[in-house]
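Reader: I'm new to this one, could you walk me through it?
Author: Gladly, and we can start with how the parts are described.

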Amino acid sequence: MNLIRSVLHVLWLILTVIPWALFVVLASYFVSSTQVYWICAGWLKLAVDSGTFILGIKNRVTGMENLPTGAKDPAVLLVKHQSTWETFVMPALMPHPLAYVFKKELLSVPFFGWAMARMDMIHIDRGQQSKAFAKVVTQGKRLMGEGVWVIMFPEGTRIPRGQVGTYKTGGTRLAIEAGVPVIPIAVTSAKCWPTKAFIKKPGVVDISIGKAIASEGREPDELMQEVQAWIESEMRRLDPEAYA
């Protein structure tokens with residue numbers, strides 16, 4: 001049954017993303033970048049809702065009160081990365097537009113990548129680290145000044161359930177450079193959508209949003225250590241059997 005549900009969900013995503021992406025590309029010539037973002041976020045919400053309906057994956061969110069409340073209040077969101085689920089959920093959940101930092105190769109993915117290319121996101125060449133980070137800072141400061149939150153996965157890639165990746169300091173370096181807080185977020189998506197797995201299973205994904213951590217006067221390494229400590233401690237609280 002889980003295999004059939006997983007196949008149906010993939011087919012649904014494919015069938016809906018094609019017309020949606022083509023509409024985004026066309027609409028991007030006539031509407032603002034913010035409007036383009038919310039059009040794309042609409043498809044991601046559809047992907048999440050269909051994941052609930054078809055796959056039986058439900059979200060349990062705590063800590064929304066920890067998010068900044070002002071229309072222009074900036075933030076860098078640092079999120080635990082276990083599967084594709086959280087990349088869909090965050091834009092569908094957050095009240096502000098988000099700007100992902102991602103490798104430019106994703107722009108070549110048919111339809112999905114084409115739509116991403118029309119959004120005001122931060123795509124980088126990982127082979128040019130110094131130039132890539134300079135772009136993250138320049139574009140990140142501009143976006144956060146416009147009320148867009150920058151979202152990053154500090155482990156850099158999807159990490160299997162119960163494991164800890166290497167937390168890189170790009171997100172905290174950006175926060176310190178821009179003088180904005182970081183917000184740690186723990187996500188237990190691998191309970192239902194295992195890392196790099198095709199077959200998903202029903203269940204509850206916990207999304208826990210931590211309190212904002214000020215970046216002023218901090219060093220990137222020690223600030224990231226605090227972020228990692230909170231996220232990994234929260235992961236163990238939310239999914240204790242994975243860390244037994």
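Author: An angle between axes counts as roughly parallel under 35 degrees, roughly antiparallel over 145, roughly perpendicular from 65 to 115, and oblique for the rest. This is a predicted model, in which local features need pLDDT of at least 70 and side-chain atom pairs count only at pLDDT 80 or more, while totals for chains, interfaces and linings use all residues. Residues are numbered from 1 along each chain as its sequence is written, and side-chain values use heavy atoms, with hydrogens and water left out.

Reader: ok, at what angle do H2 and H3 cross?
Author: The axes of H2 and H3 (residues 85–93) cross at roughly 125 degrees and come within 8 Å, where axes are lines fitted to C-alpha atoms over the stretch in contact, and angles run from 0 to 180 degrees between N-to-C directions. H2 and H3 are therefore oblique to each other. Helices here are DSSP runs of H or I with at least four residues, numbered from the N terminus.

Reader: and which residues meet there, in H2 and H3?
Author: Contact means heavy atoms within 4.5 Å, and among the residues of H2 that meet H3 are Tyr37, Trp38 and Ala41, while the H3 side includes Trp85, Phe88 and Pro91. By class, the contact of H2 with H3 has twelve nonpolar, three polar and one charged residues, where Ala, Val, Leu, Ile, Met, Phe, Trp, Tyr, Cys and Pro are nonpolar, Asp, Glu, Lys and Arg are charged, and the others, Gly among them, are polar.

Reader: how do H1 and H2 pack?
Author: H1 (residues 2–27) packs with H2 at an angle of about 170 degrees, and their axes are 10 Å apart. That makes H1 roughly antiparallel to H2. Their contact has 16 nonpolar, six polar and one charged residues.

Reader: switching topic, how much space lies in the second largest pocket?
Author: The second largest pocket holds about 200 Å³ of space, a volume being the space filled by probe spheres set on grid points joined across faces, edges and corners. A pocket is an open set of points on a 1 Å grid over the protein atoms alone, where a 1.4 Å probe fits, with protein on both sides within 12 Å along at least five of seven lines, and lining residues have an atom within 4 Å of a point. Of the 14 residues lining this pocket, Ser33, Thr34, Tyr37, Pro97 and Val148 are the closest to its centre.

Reader: which helix gives the most to that lining?
Author: Helix H2 (residues 33–55) gives the most, with three residues.

Notes
Helices (H or I, at least four residues) and strands (E, at least two) are DSSP runs, numbered from the N terminus.
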